[in-house]
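Hello,

Here is the structure you are taking over.

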Amino acid sequence: MSSRPIRLSAKVLLRDNNGRCLLLKRSLSSRGSPGRWDLPGGKVDSGESFEQGLLREVAEETGLRVSLQRVLGASEYESPTTRVAYLILEGIVESGEVRLSSEHDEYIWVDPHDLADMDLVDQFRVFAKNYIQAEES
């Protein structure tokens, strides 16, 4: 078992009114997975509820107001210094226009069935395949 500390990260599979999912392309200057597609969200700060942290991260990264619907899954990633546990929720856009922070260079709305074909960060590739299979059944 790894002795690296575990950090919690909240992510959201954000859907628009047409059912498409929002992906953000990590900045080329990013330390991890530069230029690859990621889900909105990030680390939950100390003293912050999971929901507050996720809503804050989404607003910071996208400028969107969203509502959280349900838990979709989880994922884990091990970096050289930490292990990150991801909890992935489903969300719906309530208002706003996408305005990216400096953490991301691009965004795209994709059909859920196309998620697994995108160049996703490693920690969400299996999640995307499982999500598509669940949607089809």
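Start with helix H1, residues 50–62, in this predicted model. H1 has 13 residues, and at 1.5 Å a residue they should span 18 Å.

Which residues of H1 are buried? They are Gly53, Leu54, Glu57, Val58, Glu61 and Thr62. These residues cover an arc of only 130° around the axis, which means that they lie on the same side of H1. They pack against strands E1, E2 (21–26), E4 (41–43), E5, E6 and E7 (104–110).

Now helix H2, residues 125–136. Its 12 residues should span 16 Å at 1.5 Å a residue. The end C-alpha atoms of H2 are 17 Å apart, which agrees.

The buried residues of H2 are Phe127, Ala128, Tyr131 and Ile132. Their arc around the axis is only 130°, so they sit on the same side of H2. What do they pack against? The partners are strand E1 (6–15), strand E5 (65–78) and strand E6 (83–95). Turn to the other side of H2 and you find exposed residues: Val126, Gln133, Ala134 and Glu136.

One thing to look for when you open the model: E1, E5 and E6 are packed against by buried residues of H1, and also by buried residues of H2.

Best wishes

Conventions: Residues numbered from 1 in each chain as written. Predicted model: local features only at pLDDT ≥ 70, side-chain atom pairs only at ≥ 80, totals over all residues. Heavy atoms only, no water. Helix = DSSP H or I, 4+ residues; strand = E, 2+ residues; numbered from the N terminus. Expected span 1.5 Å × (residues − 1). Buried < 20%, exposed > 50% of the residue type's maximum accessible area, 1.4 Å probe, protein only. Arc of directions from axis to C-beta. Contact = heavy atoms within 4.5 Å.
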